[in-house]
Amino acid sequence: LFYGLGYHFDNISKIDDNQLDLTATPQLLTHHYRYQTTKGLPLDKYTQSGVSFNISYDSRDNIANPYDGRLASASFRVNPSFLGSTASSSQLWLEYRDYIHLDKSRPRNLIAVWSYAWFVTGGKVPYMFLPAVGWDMFSRSGRPYTQGRFRGEDLSYTEAEWRFPLQKTKNKMGGVLFINMTSASSRTEDIGLFSSAQFGYGAGFRYMLSEKNRVNLGIDYGRGRNGASGIFLNLNEYF
């Protein structure tokens, strides 16, 4: 069980909203422009500065490539204007991971589940600092979409991955099949969380560089909505 405090500082400046065109007829407005003007926030730069209160429970047998255990964590972040934030706000992060064995004799054959929820709990959060897919601690969520593809005042993410060995008795080579779902709200446009969902799915190959430490080298291919696709090279498992 771990708990503690953190300090966070984010700054974005010289924002160039390339798709915005206020001179066109009709005007070409972006999500960034509509959100920022509705909230009365600046368009060219903004800052978020605050403290977080964090707690996590971790019983995983290996952080790089878990076969057993679970992780549960929560973080509440407060960004007051007196610490330099463009506007005062607060956010809540909740996360859970679990690993379900399919064959006790082959611990590498398992279903891994990862879910997190991220909420704006108060104040005004600038657009680029809103909860968004791919903005988890290690930027692992959201295959095959680009980082920040889906964002909103509330965001929910769930992923399941089947991990299995490709050899009868050895663990050097393995494979994965994954599927994930992202849902985000837009309170300014009256779009509720879970009113729509965006799915991603794919497969991958794993090669264990160190059986002692379970260090994997992996390559994945994923596909999603509107032609989204990508190849992902990673060290260790995604979660």
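Me: Which polar contact joins the side chains of serine 52 and asparagine 54?

Reply: A polar contact is a pair of N or O atoms within 3.5 Å; within protein, one must be able to donate a hydrogen and the other to accept it, and residues adjacent in sequence count only if both atoms are side-chain atoms. Here the side chains of serine 52 and asparagine 54 are joined by a polar contact of 3.0 Å. Another, of 2.8 Å, links the side chains of serine 52 and histidine 8. This is a predicted model, in which local features need pLDDT of at least 70, side-chain atom pairs count only at pLDDT 80 or more, and totals for chains, interfaces and linings use all residues. Residues are numbered from 1 along each chain as its sequence is written, and side-chain values use heavy atoms, with hydrogens and water left out.

Me: Where is serine 52 placed, and is serine 52 buried or exposed?

Reply: Helices (H or I, at least four residues) and strands (E, at least two) are DSSP runs, numbered from the N terminus. Serine 52 belongs to strand 2, residues 46–58. Buried means under 20% relative accessible area, exposed over 50%, and partly exposed in between (1.4 Å probe, protein chains only). Serine 52 counts as buried because its relative accessibility is 1%.

Me: Which residues does serine 52 touch, not counting residues up to four places away in sequence?

Reply: Contact means heavy atoms within 4.5 Å. With that exclusion, serine 52 touches Gly4, Leu5, Gly6, His8, Ser75, Phe76 and Arg77.

Me: Which residues form the nonpolar patch on the surface?

Reply: Accessible areas come from the Shrake-Rupley method with a 1.4 Å probe, and for residues only the protein chains shown count as cover. The patch consists of Leu166, Met173, Phe205, Tyr207, Leu209, Leu217, Ile219, Tyr221, Ile231, Leu233 and Leu235, with about 1,000 Å² of accessible area together. At least two of its residues come from each of strand 8 (198–210), strand 9 (215–224) and strand 10 (229–235). Leucine 235 lies in strand 10 and counts as partly exposed because its relative accessibility is 43%.

Me: Where does proline 26 lie?

Reply: Proline 26 is in the loop between strand 1 (2–12) and helix 1 (31–39). The peptide bond leading from threonine 25 to proline 26 is cis, with omega near -5°.

Technical notes. Patches are made of residues with over 30% relative accessible area and no salt bridge: like charges are joined within 9 Å, nonpolar side chains (Val, Leu, Ile, Met, Phe, Trp, Tyr) within 5 Å. A salt bridge is a side-chain nitrogen of Lys or Arg within 4 Å of a carboxyl oxygen of Asp or Glu.
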